[in-house]
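Morning, everyone. I'll take you through charges first, then aromatic rings. Have a look at the model while I talk.

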Amino acid sequence: MKKQKISDDDNNNPFDAISHEIVFLILDHLLPHSLDVKSFSLVCKSFYSIESLHRRHLRPLRTHHLPSVLSRYPNLSRLDLSLCPRVPDSTLHVLSSSPSLSPSLRSIDLSRSRFFTPSGLSSLALRCSNLVDVDVSNATDMRDAGAAALAQAKNLERLRMARCKMVTDIGIGCVAVGCRKLKELVLKWCLGVGDLGVGLVAVKCRDLRTLDVSYLPISNKCVPSIVKLPYLEDLFLEGCYCIDDDGLAALKDGCNSLKTLDISSCQSISPVGIPSIGSGYASLKRLNLSHGIPVTFALVTGLKKLSMLQTLKLDGCMVTISGLKALGDCCASLTEISLSKCAGVTDEGLSYLVTKHGQLKKLDLTCCRKITEVSIAHITRSCTALASLRMESCTLVPKEAFVLIGGRCAYLEELDLTDNEIDDEGLEYISRCTRIKVLKLGICLNITDRGLSCIGASCPELIELDLYRSAGVTDAGISSIARGCPNLEMINVAYCNDITDTSLTSLSKCLSLNTLECRGCPLVTSVGISAIAGSCRQLTKLDIKKCGNMDDSAMIPLAHYSQNLRQINLSYTSVTDVGLLSLASVSCLQSMTILHLKGLTASGLAAALLACGGLTKVKLQMSFRSMLPHPLLNHLEGRGCTFHWRNKVFQVELDPKCWKIQLEDNNTLQ
């Protein structure tokens with residue numbers, strides 16, 4: 001085991017005697033927490049050096065510092081540039097010519113980057129010989145020449161090209177010929193790719209395990225080639241409207257290793273084609289039929305032979321009682337069922353289904369508006385091992401039913417009760433689910449601080465809490481959550497009108513907090529945000545829209561302490577040019593929404609936009625478009641910033657109860 005040399009000058013530093021291997025083990029446990037790693041590297045010079053040698057993954061915010069960064073981290077194998085909006089060829093040339101990086105680089109993510117050309121991609125592919133993973137999703141300007149450049153990476157195993165809409169069969173043909181070792185290929189929304197390109201991939205890339213051709217204009221012609229892939233495990237055909245029953249029937253003649261099949265939104269598939277799935281895919285574990293044909297007795301009968309099926313998604317489908325009952329009598333291995341926004345889900349069918357599938361771990365009943373306490377009683381009696389239950393807008397479920405959830409489903413980790421009639425008694429029972437990590441209580445007008453105090457006292461593992469428009473919540477309830485849930489990472493108290501700075505001061509004790517949404521809280525001021533900024537150093541997303549008392553004095557501490565802040569919404573606040581300009585020191589800031597700021601001038605806005613060098617998305621009032629100099633806008637867009645111009649008229653906020661009535665009226669019309 002290699003040890004650090006100890007000189008006479010370093011006798012007082014015991015850390016120098018620790019072997020690299022032991023320190024590497026310590027760093028392995030710190031990797032998920034970048035702030036901890038940074039603190040670790042600042043302990044002493046030897047730790048700084050060892051951390052540099054240990055790091056394998058880098059996710060920079062800018063590309064212009066890469067040369068110096070690469071010299072510090074010689075053993076990088078994964079480079080994530082998704083936070084860098086501008087990655088020109090010069091950057092890719094620097095990466096590929098680096099003597100330390102080019103032989104060790106195995107993965108690069110360019111999924112949100114622009115401005116690179118085939119020249120840069122070619123340099124990367126040719127010089128980084130061990131590159132196995134490339135993501136160029138959203139490269140909407142990339143054409144066949146760019147795909148041909150990537151095809152020179154002969155050892156590539158994973159290639160994601162989602163939304164590369166200018167690439168055609170010619171470019172994909174180059175990839176198929178050049179990248180014979182591909183195991184995963186994502187072509188979702190590559191609208192220029194058709195049967196010829198997909199067929200070539202299937203013929204040439206025999207090791208494919210995952211193929212995503214969702215929303216491609218392909219037909220049954222390419223199916224015979226796909227079915228001959230000997231190791232294919234995951235096939236995604238979502239939105240392939242030209243694939244019909246004949247194509248599905250052809251699939252059953254091969255793909256014996258298939259484990260995942262997604263044919264959601266395939267409008268040309270009818271009930272006649274479904275039996276092909278049941279007879280052809282004995283090893284299938286995950287099936288997605290969402291937004292497709294009605295779930296009837298005949299359809300489900302065609303799935304009876306799928307004895308290994310674990311996940312079934314039927315979101316947005318019309319379901320019948322007989323269909324749900326038939327589903328209860330088959331697919332005995334099911335652990336996850338999704339019925340989100342399925343019309344026709346009733347107590348009779350759902351109760352039978354869950355009674356037969358007591359082993360369920362995940363159940364999604366979002367917007368199943370016809371179920372009542374009868375369904376909840378059967379779910380909680382039969383599916384006691386549930387880890388995730390989503391039942392947003394199940395408006396006929398009475399408050400008494402939520403007592404059953406807390407009393408019987410002790411293993412719940414995720415619970416979505418948005419827009420339901422749950423009250424404090426229900427929350428008291430829900431607090432018995434001590435493992436719960438995600439709890440959504442938005443638009444629950446019957447809950448108060450008393451119910452939240454029970455959650456805070458009994459659910460220490462809670463990391464996400466949504467209280468959107470739950471108007472009965474005040475500072476006392478939030479303080480209870482802050483005391484009892486120290487690992488809280490996300491909280492939404494938007495439009496909880498009685499929330500004040502006291503709540504934010506309490507939440508400042510949750511040091512892992514990264515997302516705070518408190519829009520529409522008129523009593524919150526700069527004092528509360530200052531407390532959050534001073535303590536919650538991992539804050540990445542802040543929404544203070546319609547907090548009228550929020551002014552420039554809140555921006556100063558954010559600029560000083562919140563160096564990880566990436567997204568902020570300042571619309572309808574009292575922030576002026578001064579506050580906006582102060583945010584320029586937040587190097588991570590990428591997204592900014594600034595609508596209806598009365599104290600904002602064109603010159604102040606221009607200065608702030610120019611100073612915030614990392615911006616990738618800005619939402620602005622349309623009136624500013626003619627006020628800002630065109631050369632400035634062109635410069636910012638060239639830097640990688642996208643502008644979204646809005647002409648939204650100021651809207652007076654409704655009372656929470658009036659707002660819910662309006663929401664229910666809209667749902668009825670739908």
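Start with Asp135 and Arg160: their side chains meet in a salt bridge, 3.4 Å from N to O. By salt bridge I mean a side-chain nitrogen of Lys or Arg within 4 Å of a carboxyl oxygen of Asp or Glu. This pair links distant parts of the chain, with Asp135 in strand S4 (residues 133–135) and Arg160 in strand S5 (residues 158–160), 25 residues apart. Helices (H or I, at least four residues) and strands (E, at least two) are DSSP runs, numbered from the N terminus.

A word on the source: this is a predicted model, where local features need pLDDT of at least 70 and side-chain atom pairs count only at pLDDT 80 or more, while totals for chains, interfaces and linings use all residues. Residues are numbered from 1 along each chain as its sequence is written, and side-chain values use heavy atoms, with hydrogens and water left out.

Is Asp135 buried or exposed? Asp135 counts as buried, because its relative accessibility is 10%. The cut-offs: buried is under 20% relative accessible area, exposed is over 50%, partly exposed is in between (1.4 Å probe, protein chains only).

Next, Arg158 and Glu157. Their side chains form a salt bridge at 3.9 Å, N to O. Arg158 is partly exposed at 28%. Glu157 is also partly exposed, at 21%.

Now Glu461 and Lys437. The closest N and O atoms of this salt bridge are 3.1 Å apart. Again, distant parts of the chain are linked: Glu461 sits in the loop between helix H19 (449–458) and strand S17 (464–466), and Lys437 in the loop between helix H18 (424–430) and strand S16 (438–440), 24 residues apart. Glu461 is partly exposed at 37%. Lys437, at 30%, is partly exposed too.

Back to the earlier residues. In total, the structure holds 18 salt bridges.

On to the rings. There are four aromatic pairs. Rings of Phe, Tyr and Trp (its six-membered ring) pair if their centres lie within 6.5 Å; planes under 30 degrees apart count as stacked, over 60 as edge-to-face, the rest as tilted. Phe40 and Phe47 are stacked, 4.5 Å centre to centre, with 10 degrees between the planes. Both are buried. Phe643 and Trp645 have centres 5.6 Å apart and planes at 15 degrees, so this pair is stacked. Phe643 and Trp645 are both buried.
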